[in-house]
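Please look through the sequence and the structure below before reading on. The text after them goes from the overall picture to single parts.

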Amino acid sequence: MSSPTGPASGLPVRMPRPRQPGRHRRPEPVVAPEGAPALVLAVPGTPSPAVRALAEEVVSIARSELPGLDARIGYLDAAEDAAMEFPPLDAVLAHTAAERTARYERARAAGQDVAAPDGPVAVVVPLLAGPDSALIRRVRQAVMDSRAAAELTDVLGPHPLLAEALHVRLSEAGLARADRARLFTVATAADGIILATVGGEEAVQAAGITGMLLAARLAVPVMAAALDQEGSIAAMAEQLRGSGSVQLAVAPYLIGPEVADGLLDAAAKEADCLAAEPLGAYPAIGKLVLSQYAAALGITPQPQGSPVH
């Protein structure tokens, strides 16, 4: 039995575990720098509850990797009558800037010796796997319209983590089998993969880089094609079949909101291919969003729970 003040005499006492020395010690948790700009996720496409849930999950992943992160969501195609539910990107940036100014003025009014706000008020990260010049122009215009000092990052890809995410989505659809431990294919149901992207030729070229990484994982041909170019998916399917592939699959190199409803299904049907789901809120997406934010600030967040080597 234990007394009110501790364990009974003769019982072992649990002592605090000493800090593990050396190369495998756990790092001190990295938190967002004080006064750091907000991370604003720029979400393309028509807003909906499903799109909002996806964006919130991506932001939640980013926050879990960098505690204290001020992360917000702004929609590129928010309608005026739904601005409360789906705040437009320019309004989110303007509000973020106004909040920073108000904090400074309150501090000054309280007699605190604080420096005037400097640097970007926000870092805007487009929720796009690949470059889409038309969408990026609109994001840039929204930043300008907000009149906020905000920095716009690059898109999320190409990146090896996106190849992993594509592989997982294909395996979830039964189009590729994966080793559970390392996610490397043992056998594949599809012997040819079409990476479906949006954004024209520039997006196709960028997707091709990630496609090479995916091809190395699957040991099958992987070719990119643009959904927003009519007949592009079907033409690529014909090319792959002409080179010997029989069972084809479409792997969307897309987060999801940036593509119009039904476009992916229609293209896969036209090409007579099965299709995996878009990347969505796969954990790598949130990590890449944070990576773009951190690169803009010159910080390196340490993944939570990972040892220092």
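The model is predicted. The protein has eight helices and 10 strands. Of its 309 residues, 43% count as buried. Among contacts between residues at least 6 apart in sequence, 75% join residues at least 24 apart.

One place to begin is an open sheet of four strands, in the order β4-β3-β5-β6, where the pairing is parallel. The edge strands of this sheet are β4 and β6 (150-152), each of which pairs on one side only. From one strand to the next, the twist averages 30 degrees. Two helices pack on this sheet. Helix α2 (residues 89-109) touches β3, β4, β5 and β6, and its direction makes about 145 degrees with that of β4. Helix α8 (residues 283-297) touches β3, β5 and β6, with a direction about 140 degrees from that of β5.

In general, the strands of a sheet pair through backbone hydrogen bonds, either parallel or antiparallel. The sheet can be followed pair by pair. Strand β3 (residues 38-43) pairs with strand β4 (residues 71-75) in the parallel sense, over five bridges. Within this pair, Leu 39 has Ala 71 in β4 as its bridge partner. Strand β3 is also joined by five bridges to strand β5 (residues 122-126), and these two run parallel. Here the bridge partner of Val 40 is Val 124 in β5. Strand β5 in turn is joined to β6 by three bridges, again in a parallel arrangement. In that pairing, Val 123 stands opposite Glu 151 in β6.

How many of the residues of strand β3 are buried? Six of its six residues are, and the strand is described as mostly covered. Ala 38, Val 40 and Ala 42 point one way from β3, while Leu 39, Leu 41 and Val 43 point the other way; all are buried.

Strand β7 (residues 192-197) and strand β9 (residues 248-252) pair in the parallel sense over five bridges. Along this pair, Gly 192 stands opposite Leu 248 in β9, and Ile 193 stands opposite Ala 249 in β9. Strand β9 pairs with β10 as well, in the parallel sense and over two bridges. There, Ala 249 stands opposite Leu 274 in β10.

Are the residues of β9 buried or exposed? Five of its five residues are buried, and the strand is mostly covered. Both faces are covered, with Leu 248, Val 250 and Pro 252 on one side and Ala 249 and Ala 251 on the other.

The next feature is empty space inside the model. Rolling a probe the size of a water molecule over the atoms shows where such space is left. The structure holds one cavity of 30 Å³ or more. The largest cavity has a volume of about 50 Å³. Which residues line the largest cavity? They are Leu 128, Ala 129, Gly 130, Pro 131, Asp 132, Thr 197, Val 198, Tyr 253, Leu 254 and Glu 258. By type, the lining divides into six nonpolar, two polar and two charged residues.

The last stop is a loop. Gln 229 lies in the loop between β8 and α6 (232-242). Why does Gln 229 count as partly exposed? Its relative accessibility is 34%, and partly exposed covers values between the buried limit of under 20% and the exposed limit of over 50%. Leaving aside neighbours within four places in sequence, Gln 229 is in contact with Gly 200 and Glu 201. Gln 229 and Glu 201 are 28 residues apart in sequence, and their C-alpha atoms are 9.1 Å apart in space.

Technical notes:
Residues numbered from 1 in each chain as written. Predicted model: local features only at pLDDT ≥ 70, side-chain atom pairs only at ≥ 80, totals over all residues. Heavy atoms only, no water. Pairing = 2+ DSSP bridges. 1 Å grid on protein atoms, 1.4 Å probe; cavity = no way out; pocket = protein on both sides within 12 Å on 5 of 7 lines; lining within 4 Å. Points joined across faces, edges and corners; volume = space filled by probe spheres on them. Nonpolar A, V, L, I, M, F, W, Y, C, P; charged D, E, K, R; others polar. Buried < 20%, exposed > 50% of the residue type's maximum accessible area, 1.4 Å probe, protein only. Contact = heavy atoms within 4.5 Å. Axes fitted to C-alpha atoms, helices over the stretch in contact; angles between N-to-C directions.
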